[in-house]
Amino acid sequence: MMDTQQQNQQTLKGPVTISGVGLHTGAHVNMTLKPAMPGFGIKFQRIDLPDQPIVKADVDYVVDTARGTTLEHNGARVSTVEHILAALVGMGVDNVLIEINGPEIPIMDGSSLPFIELIEEVGIQEQEAKKIWYSIDTNINYYDEVKKVEMVALPAVDYRITTLIDFNSPVLGTQHANLKSLADFKKDIAPCRTFVFLHELEYLLANNLIKGGDINNAIVVVDRVMSQEELNRLAKAFDRAEIAVHQREGILNNAQLHFPNEPARHKLLDIVGDLALIGYPIKAHIIANRPGHASNVEFARKIKAYIKKNKHNRDVPIYDPNQPAIYDINRIVKTMPHRYPMLLVDKIIELSDTQVVGIKNVTFNEQIFQGHFPNNPVMPGVLICEALAQVGGILALNPKPDPENYDTYFLKIDNCKFKQKVIPGDTMVLKMELLSPIRRGLVEMRGTAFVGNKVAAEADMVAQIVKREG
């Protein structure tokens, strides 16, 4: 499938500022988002402290997950980072410096929407640097037996999240939420506010732990019958004339739910923000059962460790047989001159100006195995190169309005290496990348043949595009 995810890194078109109160500290803070260079990532700067220390949005610097996610490094401590991080990920902003003159990100309405609107106000700037997505090519599991939290990252062609929450609450019951694409984040997830159970709220108030709390920045789930005296006490704490309970929904009447499953959607929002701390954009399907900040952060650590260990595999294409082909076999036959038994590409699953990915299903019925190690069939290395070259031919001819009137011919193969044998039953994923723009019909490409997440063969190739005669 053609990659619908963002291809280039992005930053902001200019600086933009928002002000508000920190939920837990009660501190009034000004927060300014500033553009940053490609590769900068997301970093926070405490401009109110001596030397204005910087802390990177990275799971290595998480020091607390009690009531939000807190980072600390170089003497800089920043709390409740998850909602702004979720907004940046949801909007595809890769590089930004977040200046803040206090210890906590402003809570605003308890969602990511105010930050999304802030980003849209200033605009997003595409940068001249590729965004590298890291593909998860095996299941990564996390399980907390005490809290009964279960999280898994599955291989996928894009980034998607499924969340299930169950608090044994008669009010919330069991809820689930889905994010099928980051393109849906603004509409489906960003407006969803944080929520708190009444018994938690009473504890926090009694211990002065939500100094910036306002009845407007959280959904309060009422998990028991309340007396009028208790309601009056809450009304006083939140400077309201009166407070009541929505009987049908079991929440305080400070807020109308944006969605019936808004709490589950907010949990998903928190996952987007906390997993931003991996430090790498990933392609995976995240499934989370009963997640929370602590488990999100531990899961992020696990994924980051996996990526660091397998960084060399970051460019392995993910083949999902359920996705429709960009070119099926009929389209390939119209484009290329090869025919049985020399047509070695079954379909094209990704195609852009600079890269193509094709599939070759290797079967024992092919003629080559009658004579090439017949009792121990192995695909000839030269035919692996030929398969790569054929996929490269489609990349080379893609810009042509009439590709059927052109052929591509090999001029050179360099740095050819065979690292793993290919046998019947294997599915070869064939990737060709342009090394430089096509000039005067000369096409310089780097080819890699994968079986699973292992490299079977690689080579640098040069081909020439030639117009057919007649």
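Visitor: Which residues are buried in H7?

Guide: Let's start with the general idea. An α-helix has 3.6 residues a turn, so residues three or four places apart point the same way. In this predicted model, the buried residues of H7 are His293, Ser295, Asn296, Val297, Phe299, Ala300, Ile303, Lys304, Tyr306 and Ile307.

Visitor: Where does UniProt place the feature "binding site"?

Guide: The unreviewed UniProt entry puts that feature at His83, His266 and Asp270. These positions are spread over 188 residues of sequence, yet they cluster in space, with a largest C-alpha distance of 9.6 Å.

Visitor: Is His83 buried or exposed?

Guide: Relative accessible area is the value to read, and buried means under 20%. His83 has 4%, so His83 is buried. His266 comes out at 1% and is therefore buried too. His83 is found in helix H1 (residues 82-90), while His266 lies in helix H6 (residues 262-275).

Visitor: What does His83 contact beyond its neighbours within four places in sequence?

Guide: Its contacts include Phe115, Thr194, Leu269, and also His266 and Asp270. The side chains of His266 and His83 make a polar contact at 3.3 Å. His266 also touches Gly110, Cys192, Arg193 and Thr194.

Key
Residues numbered from 1 in each chain as written. Predicted model: local features only at pLDDT ≥ 70, side-chain atom pairs only at ≥ 80, totals over all residues. Heavy atoms only, no water. Buried < 20%, exposed > 50% of the residue type's maximum accessible area, 1.4 Å probe, protein only. Helix = DSSP H or I, 4+ residues; strand = E, 2+ residues; numbered from the N terminus. UniProt positions renumbered as here; feature names shortened; annotations may be inferred. Contact = heavy atoms within 4.5 Å. Polar contact = N/O pair within 3.5 Å; in protein donor to acceptor, adjacent residues only side chain to side chain.
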